[in-house]
Amino acid sequence: MRRGHAPCTPGSLKHVSTNEQKAITAMIEFPDLHYRLTIDPDLEQFTFKGCAEITFHPPEALRLVRLNCLALDIEACRVHRDDWQAEAAFERLDRDEQLLITFPEPVAGPLTLIVDYHGAINAGMAGFYRSGYMAKGHFWPMAVTQFQESDARRAFPCFDHPRHKATFEITLLVDRRLTAISNGAVAQETPLADGRKQVRFERTPQMSTYLLFFAVGHFESAVDLEDPRVRLVAARGATRYGDLGITFGRRALQFCETYFDLPYPLSKMDLIAIPDFAFGAMENWGAITFRENLLLDYPEATSKEGRERICEVIAHEITHQWFGNLATPADWRYLWLNESFATYFGYGIVDHYHPEWAIWEKFVLGQTDGALERDALIETFPIEIPGGEHLVINTATAPIIYSKGGSILRQIRDHIGETSFQRGLRHYLKTHAYGCAGSGEFWKAFEAVSDAPVGDIMRAWVEQAGHPLVTAERHGDQLRLRQQRFTYQPHTDTSVWPIPISLRLFDASGTQRQQRLLMREAELDVAIGDAEVVKVNDGQVGFYRVAYAEATQRAALGPLVRGRILAAIDRWGLQNDLFAMVRAGREPLGVYLNFLKWYDREEAFMPLVSIDQHLRHALLISGVGRLPVIAEVGRELTMRVLEAIGFEPQDEETHAIAALRDQFIFSAVLYGAEGAASFAGEAVQRADLHPDILKGVSQADALLNGEAALARLIARLESCDSEHERLVLLAAMGCFRDPQVLAKSRAYVLAKVPDRNRFIPLTAMGANPYAVDDLWAWFEGAQGQLADFHPLLRERVIAAVIPVAGMTDPAAVEAFFDTYLADNPQAGDVVRLSLEKLAINLRFAEAAIGTS
């Protein structure tokens, strides 16, 4: 999920005999590793005391053990075996994030390490950290944990790597007025003489340290009436907004138990809303945590799109209870076995219950297209990221592990069929339940129950970086397909993929048929008979780009676009691949703009949203007013659509129409459409502005009305209770036109907005063509403030700002980051990504303006 810390592994032990290294290796992989933790938090001082009892059975005597440990003050260490106990020497190795424990003599057999320690409940949204909320004029504190990937060591000394699975017994000592939560249900609650209570929780199944959770605070809960295992936990007074979350949580749990044919193994499943959270959600086994906006549904503030997102994230995290929690990656390099499946089923479960939402379109738009864009950089990664012992889930790697991985699963499911896909998943989970696995075990599980060559196909897609461009060239009744790696920047790469190809063929009478094949070589001739027109990548299931060698081939598809004979997803794919060719310098921008004439009757969500995104990107990179044709095309498109669907939301309309309107209101104003500006100016004055147009209207107001809009946004931001509404308003705070108002907005954000949300207006400014000129100077001068951001959130600012703001002075940007990386080597991935995008944008702008 984010930047982590190098875990201790047996192979890294120093000054230890080979036999002792082997002993420790066997010990930490032994199935009966067990932790008994007692945590005593103080929410007034934000400190805690802890006692960790770690029981294991090394196969031979050992004298030294290294645990992972970070930012903890160790008070004492003891070793216990049967009726013998002794003090143990210890040394904290801060640089290595380790605790070295040395026994007075070699110890064999079952033994228990006992470590007494204390630490701070930090403010960094990692490890054991502080949060809280305001209610009735009072701040109500809480303390919660976030351990993925390597931050359990901030809360207790441990073997902090996913393969070191263990059982856990947690006891919390808390004020009687507070609620304590952990992975298991409460086993026993005992009042203490000092006004506190001791809360002991059920022993967990075998699991990895990153999945452990405990929390204490002023919470309230609600239990699902149909399935009492499902409970929603939130700040006091907030569970009344949990009906959608708890209902869909129960339905997602039911889907997974049925589809995977394995029961959920814990006695309860908590869905917990956390006010301060750096990520979207976290799959802690039995105690899933969420940002409030991704669990709580405020009827007057949450949009249709927001409700859809709540369901998708809940489904994602509940899928993890099987993929990741039950069957765990043996190494961080196999994290795709968690995240790719959770991404895929996050959408699949929602589609199962709400097919009318057409959420697979959102998957292709948000996940597949985002992964194609990220993966087209020369600086990319395989889905199975090399390294293993230490993995950073960050802005650079997440689109590959999550989005590309999920897209490859969609591709392979289409290729082998639903029955084989489900049978393979069930066999994999049952084979590796409560254990660990890697990619090889996954291939074997599939091939044990299916004749399909899943391993041969998947291995190339998972272990090889990048993705192919398939070029189609007509030769009579043959279609010649050629593949090569696609990158935006010139790059030589001879990689070849086994590509499941699907063709849609049309003959002269309009009859259509599908043709499927597996392309294993760099070039392949396909007999297409009397087909007049061919669309490659039918249904856009394949993870590859498509180019047509002759302009006439693409032109022949135009009437099928205008007549909506091609499916909406294929109409999306045609123009989307063509715009990728423009960004890669393979086609001029004018060719793309000319091809858009075939979309003059377009009504479908996917192609319309995508075309608008491409036009806005072209406007951002070329600069306001430099290419008037972009704004002209955008105005015509957005106003035609808005006039057709109406500016006002309708209760019974589809989610797609609601999302389209919200986006197009602001886009139309950005392109200079007076009708949209007039509507936004009137709508923003409403006290009951509909949540389905709040974002578009607020962004338009910011662009049009500067200081007055800033005052409105701040007033509404400081009075609203919904986190969803806060995020919408914060996005609008990046949309001002005037440099002085933008500066005031940044100052307010950095001074007043909570750490978890500061990145939102700043990244929005990276997409604002009016903010570009001053943004680099601000970024360069704001390093002291940005250094305090959570690492993942700081990376998001870098990735949003540098590729665009850096265009004002590329040489200065390069020089700055040469020095920056020397001091911040952990930012290398996102910096290299951003600099490559900067180079792509510079070439795009030069080509677009030069040919205008």
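Predicted model: local features only at pLDDT ≥ 70, side-chain atom pairs only at ≥ 80, totals over all residues.
Residues are numbered from 1 along each chain as its sequence is written, and side-chain values use heavy atoms, with hydrogens and water left out.

**The sheet around β20**

Select β19 together with β20 (residues 287-291), and you will have two strands that pair in the antiparallel sense over two bridges. Methionine 282 stands opposite threonine 289 of β20. Helix α3 (residues 304-320) packs on the sheet and touches β18 (269-274), β19 and β20, and its direction makes about 150° with that of β20. Contact here means heavy atoms within 4.5 Å, while axes are lines fitted to C-alpha atoms, for helices over the stretch in contact, with angles running from 0 to 180 degrees between N-to-C directions. In the hairpin of β19 and β20, which has four residues between the strands, look for glycine 286, whose phi is positive and near 80°.

When the view is widened, five strands form an open sheet with mixed pairing, in the order β16-β17-β18-β20-β19. At the edges stand β16 (219-223) and β19 (281-282), each with a single partner strand, so one side of each is left without a neighbour in the sheet.

Which way do the side chains of β20 point? Ala287, Thr289 and Arg291 point one way and Ile288 and Phe290 the other way, and all are buried. In a regular strand the side chains alternate between the two faces of the sheet. Buried means under 20% relative accessible area and exposed means over 50%, with partly exposed in between (1.4 Å probe, protein chains only). Five of the five residues of β20 are buried, so this strand is largely enclosed by the rest of the structure.

Next, select helix α6 (residues 398-416), whose 19 residues reach 26 Å from the first C-alpha to the last, close to the 27 Å expected at 1.5 Å a residue. The expected span of a helix is 1.5 Å times one less than its number of residues. Centred on lysine 404 is a kink of about 25° in α6, where the bend at a residue is the angle between axes fitted to the seven residues ending there and the seven starting there. Because 15 of the 19 residues of α6 are buried, this helix is largely enclosed by the rest of the structure. Just after α6, glycine 417 takes a positive phi of about 95°.

Then move to helix α11 (residues 568-583), where 16 residues at 1.5 Å a residue should span 22 Å, and the end C-alpha atoms are 23 Å apart, which agrees. In α11, 16 of the 16 residues are buried, so it is mostly covered. Just after α11, glycine 585 has a positive phi of about 75°.

Threonine 471 lies in strand β23 (residues 468-475) and counts as buried at 11% relative accessibility. Leaving aside residues up to four places away in sequence, threonine 471 touches Arg480, Leu481, Arg482, Ala547 and Ala549.

Most residues other than glycine have a negative phi, and most peptide bonds are trans. Against that background, go to aspartate 82, in the loop between β4 (72-81) and β5 (84-87), where phi is positive, at about 50°, although this residue is not a glycine. Is aspartate 82 buried or exposed? At 64% relative accessibility, aspartate 82 counts as exposed. Aspartate 261, in the loop between α2 (243-260) and β18, has a positive phi near 60° and is partly exposed, with a relative accessible area of 38%. The peptide bond from glutamine 148 to glutamate 149 is cis, with omega near 0°, and glutamate 149 sits in the loop between β10 (138-146) and β11 (167-175).

**Confidence**

Finally, colour the chain by pLDDT, the predictor's confidence in each residue, from 0 to 100. The chain has a mean pLDDT of 93, and 95% of its residues reach 70 or more. Over residues 1-28 pLDDT stays under 50, and for these residues the model has 82 contacts beyond four places in sequence.

Terms used: Pairing = 2+ DSSP bridges.
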